[in-house]
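The sequence and structure are shown first.

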Amino acid sequence: MHRQRLAALSVTILTAALALTGCGRSADNGTDKVAADCVPDHKLETVSSGKLKVGVTEIPPFSYVKNGQFAGLDYDIIKGFAKRNCVKLAPEPATYAAAVPGIISNRIDLTIGDWYRTAARAKQVGLTAPIYTDELSLTSKDGASSISALEGKRVGTVDGYLWVSDLRAMLGDKLHVYPSSAELKQDLEAGRLDIAVDAYGSALYAYGNDYKVTTVKPDPRVASTKEPAQVTFPYTRGNTALGKALDDYIAQLHKDGKLVEILKEHGLPASAAVVGAPRLIQ
């Protein structure tokens, strides 16, 4: 399931466990040993004592594997959380389809990778407080920067985004929907599209200097431009100690400005740190 997919899970718990186990050998977890005199902010209860097992999905710049090492915005956040709470970070690659079932089956404690706070997801796992928002962006050669700029153009986006149904209603058969950002990028670069609609962070990471990536002003025709999705870390439902520790750490990142620093390090705007009151999208 993609970071903002609203569809139901299509794999079983057993499949998820196998997917997580099979992927876990493909990257170095790169974790440091916990100092013997480390004093944790919170006492955590985790799947494996002394370790925080994290499913890392592949979605640059949020979380990914590069040169055999885990990296990304979300990874930097959870790495800091583990250090502050004196647990060894034990990351392993996970697919979007397998990550949430992996939490439910107690294979992992949580997952990272631009996950949205959705009502359906909240029924299955715990969701942290909002960390940052995921804004809609337009990518084009001429710098299109409004929803109105899409009219009369060949527009592409990725299936499952919050804005797809609104764009379909607005653009009809002028909208081309792709299974992933890779196919979207391929057709834009081949000249088969005029504008690509994608998440801002993903687009910044994917496109070079030949293209301009812009955010847009709120437009009533596309609801997600007015209220972007809030990103969360899904974790074991009912693990209140872990949930509180995560929420406290997220609150501290907001308070001391560290979150803005991390966002900027990964090419995302400071505005993404303005999350508003917690909300769940349907």
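The sections below treat the basis of the model, its disulfide and its cavity.

## Basis

The model is predicted: local features need pLDDT of at least 70, side-chain atom pairs count only at pLDDT 80 or more, and totals for chains, interfaces and linings use all residues. Residues are numbered from 1 along each chain as its sequence is written, and side-chain values use heavy atoms, with hydrogens and water left out.

## Disulfide

One disulfide is present, the term denoting a pair of cysteine sulfur atoms within 2.5 Å. Cys38 is joined to Cys86, with an S to S distance of 1.9 Å. Cys38 lies in the loop between helix H1 (13-23) and strand S1 (51-56), and Cys86 in the loop between helix H2 (73-84) and strand S4 (88-93), so the bond ties together parts 48 residues apart in sequence. Helices (H or I, at least four residues) and strands (E, at least two) are DSSP runs, numbered from the N terminus.

The disulfide is left-handed, because the torsion about its S-S bond is about -80°. Cys38 is partly exposed, at 29% relative accessible area, whereas Cys86 is buried, at 16%. Buried means under 20%, exposed over 50%, and partly exposed in between (1.4 Å probe, protein chains only).

## Cavity

The structure holds one cavity of 30 Å³ or more. A cavity is a set of points, on a 1 Å grid over the protein atoms alone, where a 1.4 Å probe fits but cannot get out; lining residues have an atom within 4 Å of a point. The volume is the space filled by probe spheres set on the points, which are joined across faces, edges and corners.

The lining of the largest cavity consists of Thr133, Asp134, Glu135, Tyr200, Gly201, Leu268 and Ala272. Strand S8 (133-134) and helix H7 (200-206) each give two or more residues to this lining.

Notes. 1 Å grid on protein atoms, 1.4 Å probe; cavity = no way out; pocket = protein on both sides within 12 Å on 5 of 7 lines; lining within 4 Å.
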